[in-house]
Amino acid sequence: QMQTTELLRPVRPEDLIGRSVISTHKDVSLTPVENRIIMITGAAGSIGSELSRQAPLRNPIKLILVDNNESGLHDLAVDLQALHPTLEIVQVLMDVSDHDLLAEIFEGHQPQIVFHAAAYKHVPLMEKYPNAAVRVNIRGTRNVANLSQQYGVERFVLVSTDKAVNPSSVMGAS
């Protein structure tokens with residue numbers, strides 16, 4: 001009788017990302033973000049959407065999703081509302097470089113935790129459109145940070161995928 005070995009197995013996320021899965025460290029307390037009003041900028045992006053999917057697990061009072069991508073924001077909110085029907089989800093379609101509108105959002109919703117993931121991250125496009133990189137990556141970040149301070153946000157987390165030490169591109173510098 002011939003023995004067979006199963007050669008195929010279901011694909012796991014770590015197979016695609018090229019590294020092992022990172023989980024929460026046992027000594028890290030997530031208590032400071034539980035039962036709070038959470039705002040996520042860049043909510044429909046790759047990092048922002050993952051934060052948006054994990055935030056409801058911390059029992060937020062309200063989840064404020066900010067993005068300038070209409071379809072992505074809508075689809076994300078629909079998915080999250082289906083998974084968490086009792087959670088108050090606020091969709092805000094805007095660019096973080098719009099200070100006045102952003103101030104209205106802070107005033108109206110009083111976020112306690114802000115994850116700022118909104119940024120332009122594509123190097124070739126930012127080389128072609130450096131003004132956009134400055135507007136969103138610098139002015140937008142400054143707006144979110146300053147308003148977080150002005151409105152007494154408990155925790156402000158700047159999410160950056162850039163590893164720019166001595167940046168060689170507009171995107172890295174911004």
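My entries go from the overall layout to the sheet, and then to one helix.

**Ground rules.** I am working from a predicted model, where local features need pLDDT of at least 70, side-chain atom pairs count only at pLDDT 80 or more, and totals for chains, interfaces and linings use all residues. Numbering starts from 1 along each chain as its sequence is written, and side-chain values use heavy atoms, with hydrogens and water left out.

**Layout.** I found 7 helices and 5 strands in the protein; these are DSSP runs numbered from the N terminus (helices H or I, at least four residues; strands E, at least two). From the N terminus on, I read the order as α-β-α-β-α-β-α-β-α-α-β-α. Of the 174 residues, 35% count as buried, meaning under 20% relative accessible area with a 1.4 Å probe, protein chains only. I also checked contacts (heavy atoms within 4.5 Å): among those between residues at least 6 apart in sequence, 71% join residues at least 24 apart.

**Sheet.** In what order do the strands of the open sheet sit? I get β3-β2-β1-β4-β5, with parallel pairing; a pair needs at least two DSSP bridges between its strands. The edges are β3 (88–93) and β5 (155–158), each pairing on one side only. Neighbouring strands are turned by 15° against each other on average, ignoring direction; axes are lines fitted to C-alpha atoms (for helices, over the stretch in contact), and angles run from 0 to 180 degrees between N-to-C directions. Looking at β4 (residues 113–116), I see 4 bridges joining this strand to β5. One residue I followed across was F115, whose bridge partner in β5 is V157.

**Helices on the sheet.** Helix α2 (residues 46–54) lies across β1 (37–41), β2 (62–67) and β4, at about 165° to β1. Helix α3 (residues 70–83) lies across β2 and β3, at about 175° to β3.

**A closer look at α3.** Its 14 residues reach 20 Å from first C-alpha to last, close to the 20 Å expected at 1.5 Å a residue (1.5 Å times one less than the number of residues). Which α3 residues are buried? I noted L73, L76, A77 and L80. Down the axis of α3, the buried residues fall within an arc of 100°, so they line one face of the helix; the arc is taken from the directions from the helix axis to the C-beta atoms. That buried set packs against α2, β2 and β3. At the N-terminal end, N69 caps α3, with a side-chain oxygen 3.3 Å from the backbone nitrogen of S71.

Terms used. Buried < 20%, exposed > 50% of the residue type's maximum accessible area, 1.4 Å probe, protein only. Polar contact = N/O pair within 3.5 Å; in protein donor to acceptor, adjacent residues only side chain to side chain.
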